[in-house]
Amino acid sequence: MFDTIKKAWSVPETRREIMYTIMILLVYRLCAFIPVPGVNSSVITEQIANNSLLGFFDMINGGALQGYTLLAMGITPYINASIIMNLLTVAIPALERMAKEEDGSQRINKITSYVTLGLAFIQSIGIILPMGSNAVLSTSIFNYITIGVCLTAGTSLSIWLGDRITNHGIGNGISLLIFVNVVSVLPKTVATFVKDVFSGAMSWWVLIIIVVGAIAIIAAVVFVDSGERRITVQYAKRQVGRKMMGGQSQHIPIKVNSTGVLPIIFASVFLAFPSLVLSFWPTSGAAVFYGKYLGQGTFLYSTAYFLLILFFTYFYTLISFNPVEISKNIQQYGGFIPGIRPGRPTSDYLSKISHRLTLFGGIFLALIAAVPMLFSGLLGMQSAFGATSILILVSVALETSKQLESKLMMRHYKGFLK
């Protein structure tokens, strides 16, 4: 990866894209410290520190949620809106037809943006309202509306900055925003662990287990993320004009984990909804029951987390990988998979391979995310930085490195004609 960065830096065009990406990320982090009027940040910081679920989203937003600054909501509403729109696209035939049209993706993205702004406004007020009158400087409706408008503007700014990176920089903008947020929380987390060890609140052997576990997770993520199943496709020779085309053998790479960290992020956001709704009635019986038996760190929460990661892994693989379409394209260009008949048998074969790889990839993601969370709950550790954070860091770093390699390869590719 470092060799790739060194080569990319030597290319002026790629160097400008890297500098542009760094500049956007710097602007994004600076905006995370802009205060919002009408809030009592000290009270909010104290309440979020005692809530592991809000602590996780604070980590996703780079610590902006604790101070309830301009980027307190960050891209979390966008993730929620993406989940809603993807589910509705599959469930509602009209949206499914719209997505298949020529400009369908642009129209879907536009609707997603409107849903994002609505969710940002609702969530910004919905999180601070249950914290009580001490969390705000004034309980007037105008003050709550001001807070909601400011945080909604912060979400809109986050999405805009992410789009700038995607269109003019290096890597996926939204993923890099999450990456830089998680990285910004890492030094504080390490300092907290070291402080707990020296103060006696944590044993040395627990810290050693955490370090060894982090290294093992990094190695496993790199190994699985690089894994792929290559399906050989043989193309028959055919006469095109005066030239003989085909006759070569190619392969279709099917990744073991083609969804990245999206299933984990979406599962986390999905499970946050019950806690967010019950936070309006913190002393009710339902809220107490949920916190005791279904809260983060409990067995039932980890089980639901595990199953939701599997669901979203299959869901996004189903959207991104279409065996029927791939089978038609192979047959159209005179290709076939050795030992498999063209048409329906080819699509069934590709579907079977995809399901097996998706099952393995989904179980891997679920184990990496859910099992350490369960152990942390049993040990009484409330740190928001855990296996999920490491998985996000490694996956985004690998994804960005691969995109950088692709840019370098395209730049130096001369093609068949000189």
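This is a predicted model: local features need pLDDT of at least 70, side-chain atom pairs count only at pLDDT 80 or more; totals for chains, interfaces and linings use all residues.

**Stop one: the sheet**

Now widen the selection to strand β1, residues 228-235, which pairs with β4 in the antiparallel sense over seven bridges.

**Stop two: the cores**

Next, select Tyr68 and Ile128. These are the residues with the most contacts inside the largest nonpolar core, which has 88 residues. Colour helix α16, residues 344-379, too: this helix gives the most to that core, with 10 residues.

Which residues is Tyr68 in contact with, leaving aside its neighbours within four places in sequence? Among them are Val36, Val39, Ile44, Met73, Ile127, Ile128, Ile147 and Leu151, and also Gln123 and Ser124.

For a second, separate core, select Ala8, Val11, Ile18 and Leu404, which are included in its six residues.

**Stop three: a patch on the surface**

Finally, show the surface and pick Leu186, Val190, Val194, Phe198 and Trp204: together they make a nonpolar patch of about 500 Å². Helix α10 (residues 173-199) supplies the largest share, four residues, while Trp204 is found in helix α11 (residues 204-226).

Is Trp204 buried or exposed? Its relative accessible area is 51%, and exposed means over 50%, so Trp204 counts as exposed.

Key:
Residues are numbered from 1 along each chain as its sequence is written. Side-chain values use heavy atoms; hydrogens and water are left out. A nonpolar core is a set of buried Ala, Val, Leu, Ile, Met, Phe, Trp, Tyr and Cys residues joined through side-chain atoms within 4.5 Å. Buried means under 20% relative accessible area, exposed over 50%, partly exposed in between (1.4 Å probe, protein chains only). Helices (H or I, at least four residues) and strands (E, at least two) are DSSP runs, numbered from the N terminus. Contact means heavy atoms within 4.5 Å. Patches are made of residues with over 30% relative accessible area and no salt bridge: like charges are joined within 9 Å, nonpolar side chains (Val, Leu, Ile, Met, Phe, Trp, Tyr) within 5 Å. Accessible areas come from the Shrake-Rupley method with a 1.4 Å probe; for residues, only the protein chains shown count as cover. A salt bridge is a side-chain nitrogen of Lys or Arg within 4 Å of a carboxyl oxygen of Asp or Glu. Two strands pair if DSSP finds at least two bridges between them.
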